[in-house]
Amino acid sequence: MDDRGSESSYGKYWIEWFQSLKGHEFFCDVDSEYILDRFNLTGLNLEVPHYLLAFDLITDALEDDLDDELRAEVEKSARHLYGLIHARYIITNRGLAKMAEKFQHAEFGRCPRVLCGGQACLPVGLSDIAEHKSVKLFCPKCEDVYTPPSRRHQSIDGAYFGTSFPHLLLQVYPSLVPQKTTERYVPKIFGFKIHASAREMRKQDELREEQQRRLAQLLAEE
């Protein structure tokens, strides 16, 4: 019996291959039932070139009679389509549960800030529009964002995770919210804290130097 004879088996093989690629650890596997429900994909046909062929590819229904150039384009579109579907899926109850499990195992990496003590991070997009910003890491302890250390992760589109995902996950799973820290790094010289007035004086000196530089430029242009 053909394994693809049942709709529940659609999407199994291409998605497994996609998930196995190095650098794709941030992605969770999207349930094939979610992908096959066209309502969940509303509007994506306007964002993805070769949409129908790309859909057939990720559901393992694509025929093999495409020339090499077209197949390469369809493959690129399939990855993009899956990423956009992924962004929608991970804010569903099922998707949030999968990503919460990955978060608990620190599969997305840890905060590079020393005072966060290795706090696990969550992937976040700085834009919901594709091809604008790469994915970043959000630390729920210091509530700041960082660039992933791996170049493979730095090439992933942030829109495949979206701007709302980590904050929604922490709302749904409040037990995963870490205790905030008030500890801050204090700069010292020979063990003594740097007085605030010293910082202000440095700022004033820098502003004065900048004003002098601009004045010199204006005089030179006259």
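Student: What makes Ile91, Leu168 and Val172 a nonpolar surface patch?
Tutor: Together they make a nonpolar patch of about 220 Å². Patch residues have over 30% relative accessible area and no salt bridge, and nonpolar side chains (Val, Leu, Ile, Met, Phe, Trp, Tyr) are joined within 5 Å. Areas come from the Shrake-Rupley method with a 1.4 Å probe, and for residues only the protein chains shown count as cover. A salt bridge is a side-chain nitrogen of Lys or Arg within 4 Å of a carboxyl oxygen of Asp or Glu. This is a predicted model: local features need pLDDT of at least 70, side-chain atom pairs count only at pLDDT 80 or more, and totals for chains, interfaces and linings use all residues. Residues are numbered from 1 along each chain as its sequence is written, and side-chain values use heavy atoms, leaving out hydrogens and water.

Student: Why is Ile91 called partly exposed?
Tutor: Its relative accessible area is 42%. Buried means under 20%, exposed over 50%, and partly exposed in between, so Ile91 is partly exposed. Ile91 lies in the loop between H4 and helix H5 (93–104); helices (H or I, at least four residues) and strands (E, at least two) are DSSP runs, numbered from the N terminus.

Student: What makes the patch of Asp67, Asp68, Glu69 and Glu73 negative?
Tutor: Asp and Glu count as negative, Lys and Arg as positive, and His and the chain ends are not counted. Like charges are joined within 9 Å, with the place of a charge taken as CG of Asp, CD of Glu, NZ of Lys or CZ of Arg. The four residues therefore form a negative patch. Asp67 is in the loop between helix H3 (51–58) and helix H4 (68–89), and at 47% it is partly exposed.

Student: How do you know that E1 and E2 pair?
Tutor: Two strands pair if DSSP finds at least two bridges between them. Strand E1 (residues 122–124) and E2 have three, in the antiparallel sense, so they pair. Pro123 stands opposite Leu137 in E2.

Student: What makes E2 and E3 a pair?
Tutor: Three bridges join E2 and strand E3 (residues 144–146), again antiparallel. Cys139 has Asp144 in E3 as its bridge partner.

Student: Is Asp60 buried or exposed?
Tutor: Asp60 has a relative accessible area of 16%, so it is buried.

Methods: Buried means under 20% relative accessible area, exposed over 50%, partly exposed in between (1.4 Å probe, protein chains only).
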